[in-house]
Amino acid sequence: MGLIPVRPDEVATIVTSLEMRARPPLRPLPDAPLRLVHWREPDLATYRALFRRVGEPWLWFSRLVMDDDRLRAILHDPGISVYAVVDPRGIEVGMLELDHRRAGECELSYFVLVPELVGRGLGRWLMAQALTLAWRKDVERLWVHTCTLDHPRALGFYRKSGFVPFKRTVETFADPRASGILSPDAAPHYPRLPLA
C-alpha cells in the first residue's frame with residue numbers, strides 16, 4: 001500500500017458512483033416550504049450564479065469554467081432538465097439537474113441545497129422530487145456520484161435513498177481557489193496547502 005502525493009496546488013477526492021436499478025416504491029411527498037421551478041433553456045449567467053452559490057462550498061467549478069457554447073449545448077439539450085429550488089420569498093436555494101440523454105437511464109447530475117438548509121429534512125423532499133422526475137417510463141437505471149468534497153453525510157444519504165455504490169475512483173484537479181475561479185475561503189473543510 002502506498003500513498004500518492006498530491007501537489008499543493010491540487011485537490012484530491014474519492015468519487016463514489018451509485019445507482020438504482022428499479023423504481024423505488026411510491027411514498028408520500030415530505031412537506032417542505034420549497035418549490036421547484038423548471039428552467040427551460042436557462043440563461044447562462046443566471047445558471048452560473050446559482051451553480052456558484054450552491055456549489056462553491058463543495059468546490060464545484062466545472063460549469064463556471066466551461067465555455068458558453070458547450071454549456072449552452074448541455075443546458076438547452078431536450079434531454080437535460082434543470083430546476084431551481086426556491087424558498088417562499090422566491091430566493092433560489094438549491095438546484096436539481098437531471099440528464100436523460102442516454103437511452104434507458106438518467107443521471108442525477110446535480111442535487112444540492114445551500115448549506116444553511118442542510119440538516120432540516122429538506123434533502124428528503126428534494127430527493128422525492130428528483131425520484132419522481134427521474135423515473136420516466138423508459139428509465140431502467142438512475143445513477144449519481146458523490147465525492148469526499150461533498151457534505152460528509154451525502155454518501156449515506158444517497159444510500160439511505162436507495163442508491164447502491166458500484167464504482168469508486170480518485171480524482172485530482174487544480175485547486176479552483178488557487179486560480180481565482182472560486183473564493184479563497186470556499187470549502188473550508190478542505191484547507192488549501194501553502195505553495196512552496
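1. Ser 109 is buried, with a relative accessible area of 16%; buried denotes under 20% relative accessible area, exposed over 50%, and partly exposed in between, with a 1.4 Å probe and protein chains only. Ser 109 belongs to strand S5. Leaving aside residues up to four places away in sequence, Ser 109 touches Glu 97, Leu 98 and Asp 99, where contact means heavy atoms within 4.5 Å.

2. On the basis of the note: the model is predicted, so that local features need pLDDT of at least 70 and side-chain atom pairs count only at pLDDT 80 or more, while totals for chains, interfaces and linings use all residues. Residues are numbered from 1 along each chain as its sequence is written, and side-chain values use heavy atoms, with hydrogens and water left out.

3. The sheet is open and has seven strands, in the order S2-S3-S4-S5-S6-S1-S7, with mixed pairing. Strand S2 (35–39) and strand S7 (164–174) are the edge strands, each pairing on one side only. Direction ignored, neighbouring strands of this sheet are turned by 25° against each other on average. Helices (H or I, at least four residues) and strands (E, at least two) are DSSP runs numbered from the N terminus, and two strands pair if DSSP finds at least two bridges between them.

4. Strand S4 is mostly covered, with seven of its eight residues buried. S4 pairs with S3 in the antiparallel sense over seven bridges, and Val 85 stands opposite Gly 94 in S4. The hairpin of S3 and S4 has five residues between the strands, and Gly 90 in the turn has a positive phi of about 90°.

5. S4 also runs antiparallel to S5, to which six bridges join it. Leu 96 has Phe 111 in S5 as its bridge partner. Here too the strands form a hairpin with five residues between them, and Gly 104 in the turn has a positive phi of about 85°.

6. Strand S1 (residues 10–20) and S7 are antiparallel and are joined by ten bridges. In this pair, Leu 18 stands opposite Pro 165 in S7.

7. Helix H1 (residues 44–55) lies across S2, strand S3 (80–86), strand S4 (92–99) and strand S5 (105–113), running at about 110° to S4. Helix H4 (residues 122–134) packs on the sheet and touches S1, S2, S3, S4, S5 and strand S6 (141–147), its direction making about 155° with that of S5. Axes are lines fitted to C-alpha atoms, for helices over the stretch in contact, and angles run from 0 to 180 degrees between N-to-C directions.

8. H4 is mostly covered: ten of its 13 residues are buried, among them Leu 122, Trp 125, Leu 126, Met 127 and Leu 131. The 13 residues of H4 should span 18 Å at 1.5 Å a residue, and the end C-alpha atoms are 18 Å apart, which agrees; the expected span of a helix is 1.5 Å times one less than its number of residues.

9. What is the count of disulfides? The count is zero, a disulfide being a pair of cysteine sulfur atoms within 2.5 Å. Cys 106 is in no disulfide, and the nearest cysteine sulfur, that of Cys 147, is 19 Å away. From Cys 147, the closest cysteine sulfur is in Cys 106, at 19 Å, and is therefore too far for a bond. Cys 106 counts as buried at 0% relative accessibility, and Cys 147 counts as buried at 19%.
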